[in-house]
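Dear colleague,

I am passing on the structure that we spoke about, and below it you will find my notes on what turned up when I went through it. Please read them with the structure open beside you.

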Amino acid sequence: MTVRKNKSLAARGSELTDTMIQLRILSGAERAALDLPTFEQKLEECGQYPLRPAELEIFQINIGKLCNQVCAHCHVDAGPDKKRENMDRPTLERCLEIIAAVPSIHTVDITGGAPELNPHFRWFVEEVCRLGKQVIDRCNLTVILSNKKYHDLPEFFARHGVTVVSSLPHYSRRRTDSQRGEGVFERSIRALQMLNEVGYGQPGTGLELNLVYNPTGAFLPGDQQSLEAEFKRQLERRYGVRFNHLYCLTNLPVSRFLEYLLETGNYEAYMEELVQAFNPAAVPNVMCRNTISVSWDGYLYDCDFNQMLDLKVAVPGKQHINDFDIEALKQRQIVLNRHCFGCTAGAGSSCGGQIA
Amino acid sequence: MSNDHYLKRDHLKKFGEITDFQEELGSKFFEYYNSVMDEGALTRREKALIALAVAHAQQCPYCIDAYTQACLKEGADEEQMMEAVHVAAAMKAGITLVFSVQMMEDVKKKTM
Ligand code: SF4
Ligand code: SF4
C-alpha cells in the first residue's frame, strides 16, 4: 500500500501532467525500458490493424475535470483544483447540434470529473432527453452528498430516466477508501441507498444503476459475472443496496494510475501482464469503435484515455466539434498506443465493462 | 550447485516450462489444475482463498505470491484473505494439539 496523495498531478506540479512524458514512458523511452511489442504489432499479428471505427453510437462528453474527489487511480487527473476545465454553454450547444444531426447516436455518455458540478449539467441532460437520446451519467456518488444543492440529484436522474453508472471499487470499506479517499465508502453507500429509494436498481422501475469495479491496485479484474454476483450478495446483505450490473474495468496506465505504477515499482510487471493477457477476441469490441469522446474545450478523441493523453482523432483539420464531419470520422484510423493493451487484456475492458 | 538456486522469484513464471521435460504429464497436470481452479460448485474466489490458505500451511512462497494476486483479482479483500490464513493456522494448531492425546495416553500408561 502507498500513502494516498490528496492532490492532482497538476496541483503537485508533477511532470506527468505533460502528456508527452507519459507517451515517452509508454514507448519505453523513459523511466523503464520495456521489452514489449507495440499494440499495433499485436493487432497486425492477428490481422486487425489498422483499427477502424464501426457505426458511431455513443457520444461521450467529458464536461469537466472538476471533482470533489481525488482518486489515486484517476486517469483524468481530476480534482477540486480543476476549476478552469469546465465545458461552457456554447460548446454544449454545439454538442447538442451534433447529437441531433447524427441519427446513429443513441446514447450520450456524460463523464468528468464529477459532471454534476458543471453549472450547465441539468440543462444539458434535459436537452439531450428532449432529443430522445439515452443519457448515461458517470456519477461518483459522493457528489450527491457533497452539498445540499445536489441532494435531489437522484430525483432529477429518475425524472429523466438517466442511466447512472457509478464507481464502487469494492464492497469493503478499506479497499474502496484506499483508492478513492478516506470516508468515500460510507458516503457512496449512503448515496446508493438514496438512489435505491427513488427506484434505481429496483426491479420493474426501468431505472438503471450500474456499478463500476476497477482493481484497487496493480492487478487485473477477475470474472465480471462472478464479481457481480458477489457484489450483489454483499451489498444487499450488509447495506440493503441493490444495483443492476457490475462493469469490470481494467485500469489503464495513464495519468495518476501510471504514476501509482511507477512509484510502487509495479509498472513493468503490470505492462507485461497486460500484454500477456492480450485477447484478439476483445479487439472488435473496444469502445473507440462505436464511441467518440469530446473534451471540455470541444476537441474530438477516439476515447477518454486518448483524450487524457492528448491524442486527438486522426482527421487533419477536423479535430474540433466546430469542424465535426461524420463522414471523415468514419474513414479515420484509430490512434493507438501501449495503453490500449488495457482494453484487450483478458475479457477486455470498456466503459460498459468486459467485452469478450 | 550453490544455494542461490533455491526459491527464485522468476521460477514461478517458468512453471509452465515443466512440460519441456515431460510434455504429456505436464500438460495433463495443467489441464487438471486449471479445471479445478475454474468456477464450479465453488466460485473462483472461494477456491483462490482455499489455495491461499494451503499456500500458507505449506509455506510455499510461489503459491503465496500467486494466490495473493489471484485473491485480489477475484475480488477478495484483506479481511477475507487474512481469515483464510487463520483457518490454515487454526488447522495447523489443531492438528498439532490433537496428537497430544496420544502423548497424554502414553504419559498415563507410563506413570503412576
Ligand atoms: S471520482 Fe472519478 S473523476 Fe473524480 S477523481 Fe475519482 S476517478 Fe477521477
Ligand atoms: S485506449 Fe482508447 S483507443 Fe486504445 S483501444 Fe482502448 S478505447 Fe481504443
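**A buried asparagine in chain A**

At a relative accessibility of 18%, A:N86 counts as buried, and please keep in mind throughout that the model is a predicted one. A:N86 sits in the loop that runs between β1 (58-62) and α4 (89-101) of chain A. Once its neighbours within four places in sequence are set aside, the residues in contact with A:N86 are A:I63, A:G64, A:L66, A:N118, A:P119 and A:W296. Of these, A:I63 is 23 residues away along the chain, yet its C-alpha atom and that of A:N86 are separated by 5.9 Å.

**Where the chains meet**

In the contact between the two chains, 18 residues of chain A meet 13 residues of chain B. Together the chains bury about 1,300 Å², and 41% of that area is on carbon and sulfur atoms. On the side of chain A, the three residues A:R175, A:F219 and A:S226 supply 32% of the area buried against chain B, which is more than any other three residues supply.

**Helix α4 of chain B**

Helix α4 of chain B, which covers residues 78-98, has 21 residues and reaches 30 Å from its first C-alpha to its last, close to the 30 Å expected at 1.5 Å a residue. Its buried residues include B:Q80, B:M81, B:A84, B:V85 and B:A88. These residues lie on the same side of α4(B), because they cover an arc of only 150° around the axis. The face turned away from that buried side carries the exposed residues B:E79, B:E83, B:H86, B:A90, B:L97 and B:V98. Among the elements that cover the buried residues of α4(B) are α2 (44-57) and α3 (61-73) of chain B, together with α10 (224-239) of chain A.

Methods: Residues numbered from 1 in each chain as written. Chains lettered and ligands numbered in written order. Predicted model: local features only at pLDDT ≥ 70, side-chain atom pairs only at ≥ 80, totals over all residues. Heavy atoms only, no water. Helix = DSSP H or I, 4+ residues; strand = E, 2+ residues; numbered from the N terminus. Expected span 1.5 Å × (residues − 1). Buried < 20%, exposed > 50% of the residue type's maximum accessible area, 1.4 Å probe, protein only. Arc of directions from axis to C-beta. Contact = heavy atoms within 4.5 Å. Buried area = accessible area lost by both parts, 1.4 Å probe.
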